Amino acid sequence: MRLRWSGGVLLSVAAAYYVYTPLPSAVSEPWKLILLDALFRSFIHAGDAAQALGVCHSVHMLNSVVSRLEVIEPWSSPTVRVTDSALGGVPARVFQPVGGGAKLRRGVLYFHGGGWALGSGRMRSYDLLCRRMAEELDTVVVSVDYRLAPDSVFPDQYHDALAASRAFLSPEVLQRFGVNPARVGVSGDSSGGNLAAAVAQRVHTCKLTHMHTHTHKHTHTLTFFFWPQISADDSMSVKFSIQALIYPVLQALDLNTPSYQQNHNVPILHRHLMARFWLIYLGADPSLLPHLLSSPSSLLHPSISPSIRSHLNWTSLLAAKHQKHYRPVGMETGSREVTGIVPGLVDVRAAPLLAEQGILGRTPRAYVMTCEFDVLRDDGLMYARRLQDAGVTVTSVHYDDGFHGCMVFSFWPFLSSVGQRSLDNYIQWLDDNL
């Protein structure tokens with residue numbers, strides 16, 4: 001009996017140790033976040049174990065769990081008709097308000113988050129999000145199911161986002177859905193915010209610039225890609241009128257910005273996990289993880305142009321209250337130059353924050369949401385600042401008690417307070433600006 005009691009106590013202590021994560025006192029509803037993080041970490045550890053045993057890739061394991069727990073079939077209500085379709089050959093879920101006669105409605109193209117590797121627009125949380133947008137805004141919302149890593153890697157996700165965007169903006173599709181061509185927006189959260197920003201950028205010419213890097217034994221060529229995107233296509237008469245980016249991930253050259261330093265171990269997106277997602281997305285060797293985390297050593301390499309460095313110079317782009325007491329992290333001894341090995345790190349299609357000012361200046365007015373306790377906070381803040389400097393009208397909304405992913409956790413059973421506030425604000429902005 002005593003042995004059982006002792007064993008129970010030990011198991012309880014072990015479970016409490018696993019579940020409990022020290023959190024900043026100012027974060028919204030910390031115990032809800034702790035429990036959510038424990039659940040997420042348990043799935044990640046199970047996935048890692050499955051991969052170590054040779055059963056499957058860890059991401060496949062995670063997505064299998066997501067599919068069983070979260071993915072739902074389309075169901076319509078008296079106010080919103082929901083169907084599964086495709087845009088430009090890319091699977092998508094369409095939310096169309098019911099009624100309204102022949103009037104033209106607004107339209108929103110939405111890209112879900114998940115590190116370019118997890119999730120689906122058919123998940124319950126995204127289904128509820130898009131359903132609410134369609135209902136409250138009387139707007140046609142299309143949630144895109146782009147291909148996922150590791151089966152598809154960059155630039156496949158970008159190409160899917162671009163194909164869906166081109167199809168949605170075509171006169172034929174706009175007419176079919178009854179969407180006003182002058183009132184079409186693009187939006188997304190996290191990695192979906194990355195895709196939304198990438199397809200919204202307007203690039204004038206297709207230019208390749210080659211620069212050389214030298215690592216230990218090899219010479220690599222860095223290729224900076226600037227591809228014509230939606231707004232450069234003269235055959236397209238319709239462009240996005242707004243871009244709404246929710247805690248977007250926008251670069252991986254510096255994973256030691258103040259927000260990465262401050263929130264490196266804050267749920268639900270830890271610093272090392274974001275670095276893993278980047279390597280999976282870019283089809284890179286997982287062994288490069290320590291070298292990616294040692295950035296901004298890559299920024300200090302002679303191959304990186306001064307203009308790109310300036311695009312990531314948070315000492316000038318961030319307000320003092322966000323810089324806090326943090327300082328730039330210097331090059332670590334023996335760190336390898338990863339940009340030559342992973343050229344996607346300096347490709348604007350993967351890292352929209354690296355775009356030139358002239359490109360940013362042609363993007364539509366923007367909504368950029370950031371959260372204090374999120375490693376991606378400074379990506380969004382720097383992008384908002386660079387857009388403003390380029391002459392774009394920007395609404396930058398920051399939540400001092402927010403954490404990564406909070407908006408999609410605004411529904412039952414999590415019911416995040418800051419998530420609900422952020423969702424209300426997001427929908428209100430769309431209503432006022434689209």
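Is valine 397 buried or exposed? Valine 397 is buried, at a relative accessible area of 12%, where buried means under 20% relative accessible area, exposed over 50% and partly exposed in between (1.4 Å probe, protein chains only). The model is predicted: local features need pLDDT of at least 70, side-chain atom pairs count only at pLDDT 80 or more, and totals for chains, interfaces and linings use all residues. Residues are numbered from 1 along each chain as its sequence is written, and side-chain values use heavy atoms, with hydrogens and water left out.

**Valine 397**
- Strand S10 (residues 394–403) holds valine 397; strands (E, at least two residues) and helices (H or I, at least four) are DSSP runs, numbered from the N terminus.
- Beyond its neighbours within four places in sequence, valine 397 is in contact (heavy atoms within 4.5 Å) with Tyr367, Val368, Met369, Thr370 and Asn425.
- Between the C-alpha atoms of valine 397 and glycine 380, 17 residues apart along the chain, the separation is 9.9 Å.

**Helix H7**
- Helix H7 (residues 191–200) is largely enclosed by the rest of the structure, because 10 of its 10 residues are buried.
- Among the elements covering the buried residues of H7 are strand S3 (105–111), helix H5 (156–168) and helix H15 (377–389).

**Helices H4 and H16**
- Leu129, Arg132, Met133, Glu136 and Leu137 in H4 meet Leu423, Asp424, Tyr426, Ile427, Leu430 and Asp431 in H16.
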